[in-house]
Amino acid sequence: MARRKTKSRSKSRSRIPLLLWLFTLFSGGGGVGGYLNPDWPIIGPIVTSLIHWRQENPDVALDGNLIRQAVNDEIHNATNAVVNQIRPNTNPYEQTSYGQNASIQNGQVVPAQYAAARGQNNSSQHSTNRRPIDKLLIATFNIQVFGKSKMAKPEVVDVLAKVVRHFDLVAIQEVRAQDDNILPDFIRAINADGSQYGFIIGPRIGRTSSTEQYVYVFDQTRVEYDPNAVGTMTDPSDMLHREPFVARFRARTGSPQHAFTFWMVNTHTDPDEVPQEVAALADAFEVMQRSRKDEDDVILLGDLNADETQMGRLGTIPAMGWVVRGAMTNTRKNKAYDNILFSTTTTREFTGRWGVFDIEKTFGLTRQQALAVSDHLPVWAEFSVWEAPTANRSVVPR
Amino acid sequence: MDAKQRIQTLLASSVSAERLEAAEQLCQMGQDASFVAAELVAACADDEEDVRASAVGALEELGPPPVSAIDSLIALATSNDPLAAYWAITLLGRAETNASGGAATLVDVLSNSSDGSARQRAAWALGKIGAKDSATIAALQQAAASGDPRLARIAQQSLTQ
């Protein structure tokens with residue numbers, strides 16, 4: 001796919017975090033003492049190559065440039081390996097691929113946040129028409145224990161469908177069901193008003209028999225995904241309870257080569273290992289930033305079980321920003337678990353608008369009714385549909 | 001019968017729909033569901049998938065269990081049901097020093113369980129409860145040398161806590 005990316009990045013700066021991530025992934029906690037282990041899948045070949053080269057060229061000085069070149073070559077290969085390590089999504093319920101979506105419809109432009117504030121919900125009007133045509137509204141929503149029982153409650157499904165229709169793309173966490181019909185049934189409920197949402201779903205993952213699935217639900221008239229860039233990240237050192245589910249999306253516009261493209265990294269941390277998992281997510285974020293030369297927009301979102309003061313190493317990535325500050329994201333409104341993070345220097349498509357979608361206020365629910373939907377509230381952020389050039393400044397104050 | 005008693009009764013019901021109703025209510029209660037911490041762990045072994053799922057959902061948000069539940073949780077830590085054992089161990093870890101009486105059981109799980117997730121969680125829980133007796137140290141040292149990188153990492157962290 002031909003597309004233009006005007007952003008660039010220092011090569012030397014980009015490689016170091018990748019190496020650290022791969023080291024984290026494959027080292028098994030071996031520590032510095034085992035740093036040059038030839039058996040490691042990524043760093044190993046570098047060492048092996050150098051050993052072989054040295055054996056074959058005993059008289060040639062092994063200078064810094066040669067070592068650097070060998071490392072660079074292996075890093076290049078490793079970058080490709082990381083992409084290849086993203087397990088392809090083989091779920092039969094993939095609903096869309098490029099070129100299958102309807103064209104973007106013209107219509108009334110009412111930003112979702114305004115509609116929400118007024119409690120508007122005209123079910124006879126396609127949800128697309130209530131959203132700004134030149135912006136993408138991206139949300140994350142942990143739908144607590146989303147399975148057969150919740151889908152059997154029409155009043156809950158009605159609220160969930162209305163929530164989704166306020167957004168162009170929703171990253172969902174906590175689908176917990178052995179029944180494969182949950183998402184197809186949910187999509188039917190969402191599209192009952194004529195909307196054209198589709199979904200992609202990850203595999204069931206978790207340390208115990210109680211597994212979860214990540215899902216992306218998206219308005220096919222507004223965004224499309226690259227079927228060759230969907231999968232679950234690998235985690236050989238088992239740092240994360242639930243490995244992130246990643247997919248690359250593109251805004252649907254009349255000029256695809258100028259459309260905003262981005263990785264989504266859907267995540268749900270283990271509440272008992274938050275510091276360690278948030279640190280591992282920092283590595284995951286950097287790997288995704290460097291997984292393709294033509295893509296540097298990475299949006300990591302989900303239930304981090306961490307508030308803005310608990311971002312750890314994730315929060316120290318240069319220019320890293322997150323939208324939720326000074327707001328609660330759970331239904332009881334006493335915790336800030338959910339967030340949307342991205343580099344503020346690369347993802348300048350962020351318009352500065354974000355919010356926590358208050359389903360009690362929007363739909364006139366009691367606290368108990370809202371809790372029956374989920375113990376989390378959706379968190380959203382707004383992005384331009386057009387790819388922005390890189391500028392060396394932040395759009396979110398840190 | 002007050003609301004808590006009613007939920008407790010429903011959770012113990014022989015009717016699966018009633019157990020599900022209780023588990024779903026508890027799922028919406030957050031830390032207020034801790035009065036049935038041990039019962040929720042036991043519900044992880046329920047025959048019904050939805051009951052198990054809601055029980056796990058409730059346990060994730062439960063926070064530390066009350067001290068009154070510790071003995072029951074220690075007993076459940078060696079449950080034949082891996083999910084129930086995993087959550088019993090997790091709650092013992094969350095109880096921190098209040099669960100110090102469970103150290104021997106956790107060492108047993110760490111050393112002898114056939115379930116890798118239970119062993120990993122036991123290593124984590126021993127660190128959280130701050131057990132420093134010789135049996136705990138020996139078990140953690142052995143686990144730190146394990147071929148399971150996650151178990152080894154967690155055990156090492158617990159040794160240094």
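Author: Two strands count as paired if DSSP finds at least two bridges between them. The model discussed here is predicted.

Reader: Which residue in β11(A) is the bridge partner of Leu300(A)?
Author: Strand β9 of chain A covers residues 298–303 and is joined to β11(A) by four bridges. The two strands run antiparallel. In β11(A), Leu300(A) is bridged to Leu341(A).

Reader: Which residue of β11(A) does Gly321(A) stand opposite?
Author: Strand β10 (residues 320–322) of chain A also pairs with β11(A), in the antiparallel sense. Three bridges hold that pairing. In β11(A), the residue opposite Gly321(A) is Phe342(A).

Reader: Are the residues on the two faces of β11(A) buried or exposed?
Author: Side chains in a regular strand alternate between the two faces of the sheet. One side of β11(A) carries Asp338(A), Ile340(A) and Phe342(A), and the other carries Asn339(A), Leu341(A) and Ser343(A). The cut-off is under 20% relative accessible area.

Reader: Which strands of chain A stand at the edges of the open sheet?
Author: Six strands form this sheet, with mixed pairing, in the order β4-β5-β3-β2-β13-β12 (chain A). An edge strand has a single partner, so one side of it is left without a neighbour in the sheet. In chain A the edge strands are β4 (197–201) and β12 (350–356).

Reader: What does the twist average from one strand to the next?
Author: The order to follow is β4-β5-β3-β2-β13-β12 (chain A). Going from one strand to the next, the average twist is 20 degrees.

Reader: How many bridges pair β2 with β3 of chain A?
Author: β2 covers residues 135–146 and β3 covers residues 169–175. One bridge links Ile138(A) to Leu169(A) in β3(A). The pairing is parallel, and the bridges number six.

Reader: What angle does the direction of helix α7 of chain A make with that of β4(A)?
Author: Helix α7 (residues 182–190) packs on the sheet. Its contacts in chain A are β2, β3, β4 and β5 (213–219). With the direction of β4(A), that of the helix makes about 160 degrees.

Reader: Which helices each supply at least two residues of the lining of the largest pocket?
Author: The lining has 34 residues, and those nearest the pocket centre are Pro271(A), Lys335(A), Tyr337(A), Gln31(B) and Gly63(B). By class, 10 are nonpolar, 12 polar and 12 charged. The helices are α8 (274–289) of chain A, with α8 (116–129) and α10 (149–160) of chain B.

Reader: What volume does the largest pocket have?
Author: A probe the size of a water molecule, rolled over the atoms, shows where empty space is left. For the largest pocket, the volume is about 830 Å³.

Technical notes: Residues numbered from 1 in each chain as written. Chains lettered and ligands numbered in written order. Predicted model: local features only at pLDDT ≥ 70, side-chain atom pairs only at ≥ 80, totals over all residues. Heavy atoms only, no water. Axes fitted to C-alpha atoms, helices over the stretch in contact; angles between N-to-C directions. Contact = heavy atoms within 4.5 Å. 1 Å grid on protein atoms, 1.4 Å probe; cavity = no way out; pocket = protein on both sides within 12 Å on 5 of 7 lines; lining within 4 Å. Points joined across faces, edges and corners; volume = space filled by probe spheres on them. Nonpolar A, V, L, I, M, F, W, Y, C, P; charged D, E, K, R; others polar. Buried < 20%, exposed > 50% of the residue type's maximum accessible area, 1.4 Å probe, protein only.
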